[in-house]
Amino acid sequence: MPINFSHVYYTYLPKSPFEYTALENINLGIKEGSFTAIIGHTGSGKSTLVQHINALLRPTSGEVTVGDFVISSSTKKIKGLVNLKKYAGLVFQFPEYQLFEETVLKDVAFGPKNFKENNKVAFDKAKKALLSVGIDENLFDKSPFELSGGQKRRVAIAGIIALEPKILVLDEPTAGLDPKGAKEMMNLFKQNNENGTTIIMITHDMNNVLTYCNQVVVMKKARVEKVCTPIELFKDDNILHNVGLEEPHIISFAKKLIKKGLNLNLNLIRDLNSLVDEIVKARKNK
Amino acid sequence: MKAIEITNLSFSYAKDKEILHDLSLEIELGSFVSIIGHNGSGKSTLAKLLVGLLEANSGNIKIMNLDVNEKNIQKIRSKTGIVFQNPDNQFIGSTVRDDIAFGLENRCIPHEDMDKIVNEFAVKVGMIDFLDKEPSNLSGGQKQRVALAGILAMHPDILILDEATAMLDPKGRNEVISLVKKMKDENSNLTVLSITHDIEEAASSDRVIVLSDGNIILDGTPKEVFSKTDELLTIDLDIPFLTSLKNALYKKGIDVASIEDEDKVVEFLCQ
């Protein structure tokens, strides 16, 4: 399901002393099956933007379309809103704070049950989702509150994956995870993406943007500043500086090599291994 | 006097699993110490024990020469400030201004002084334009900066950061770290204990302690600790970029292990 934002504005608490415009004239298209990063300074409107994708927020003006669903300020009742919530799963920052059930399995099955699946189907989906995020069967009957932080995060994300969403929206999914946990989490999303799920991820981690994403949306002061590929972004020193982000160390190192005359193809560098491959290749061709 | 003295500390949440095991540790007054370790290694548990939010099974903790116990806990809390990972759990005030002022109000600081202090710290953390905003409408990073301002405004002897920068973008993180350093420069007795996953952040402290399954497995200057690549990798911690690059190059037959400086590695590769 492609996503389209057209002239979208969003204002928090309009006509009050706390009035605050978080989105200004957003025009943006996200293709089906893409792995899109949303980046920008804190407070630039990233979280507000993604909350429109499953109609958690509705535009103050303008229109958001997700497949056939139309979300605008004028539509009072969105046709099939329940289905939209199922198609577009949203994982908030620190989703582990939303765990509430007695057991891990019950917590994950809550979503499917809420969407009127019968008990057996709901528990089957929950088990499948838990195994896919790397939660072992012997944890299924434990209280989610007994788990470590990283495990809790996985259980919370399994709760959304159990709904089998076509669009998975993630707000800083790896914040606070240790490096190994973060990498496993990113590989899980990559796998979902390869199986056809559109992934939209808010992140500050430029290494993840480089390694996993194929589109980047740069937000600045409530507006979309630029839409491009990761490598186009990292080639543009101005824009990174503009939004207060740093290029990955891999890229700054590659740029130094290029400047000193080593002929690397920046477009092929996605992670440490591809950087090393390019270095080896360039040194042979010298 | 040590800022923190821990002797033979053990702690478990449930009977079958000990989180911290016979841990002993001294932290010098005025030092900047990072504790790193994977999720579940006992880092945050240690922070909660230090401020008396959890009670140890056995062993002893002294903060600024005071035993952590029920009698001393109020005194200890007035000397320690802790910023947690998620600022949503520590907001009190209905505006940013009220929130920064909350701790000062509790200490009966006169109103005129309070206004000045609130403004001073709002400027320091870059939130002066947001003083009348509701904390709930701020982004995660902005909230964390406000939380930090509220703590720093009370001039604690010991500042504990429990993954306090995890939610910030790189620029925000650098701002917070340089703010903490500035506070340290102004008050050389301020002790900072930072629990973090961020290697670069740990690298900027005076001392790095690595926890794994409740035990201290490495302890030293950042340079000493980060040179122990194999130990760090076996417990699934990251190593700095240059070290992992050198390892990857070595596997392809390019040996730059002896070159320390990044720019010199660049020169070598371009020869």
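The entries below take the interface and then the pocket.

I note that this is a predicted model, where local features need pLDDT of at least 70, side-chain atom pairs count only at pLDDT 80 or more, and totals for chains, interfaces and linings use all residues. Residues are numbered from 1 along each chain as its sequence is written, chains are lettered from A and ligands numbered from 1 in the order in which they are written, and side-chain values use heavy atoms, with hydrogens and water left out.

Interface. I looked up the contact (heavy atoms within 4.5 Å) and found 45 residues from chain B and 39 residues from chain A. Together the chains bury about 3,800 Å², with 61% of it on carbon and sulfur atoms; buried area is the accessible area (1.4 Å probe) that two parts lose on being put together, summed over both.

I then looked for salt bridges (a side-chain nitrogen of Lys or Arg within 4 Å of a carboxyl oxygen of Asp or Glu). The rule finds three across the interface of chain B and chain A. Lys256(A) forms a salt bridge with Asp263(B), and their closest N and O atoms are 3.0 Å apart. On the side of chain B that touches chain A, H11(B) gives the most, with eight residues.

Pocket. I turned to the second largest pocket, which is lined by 46 residues. Nearest its centre lie Leu147(A), Ser148(A), Gly149(A), Gly150(A) and Gly40(B). A pocket is an open set of points on a 1 Å grid over the protein atoms alone, where a 1.4 Å probe fits, with protein on both sides within 12 Å along at least five of seven lines; lining residues have an atom within 4 Å of a point. H5(A) supplies the largest share of this lining, six residues. Helices are DSSP runs (H or I, at least four residues), numbered from the N terminus.

Technical notes: Helix = DSSP H or I, 4+ residues; strand = E, 2+ residues; numbered from the N terminus.
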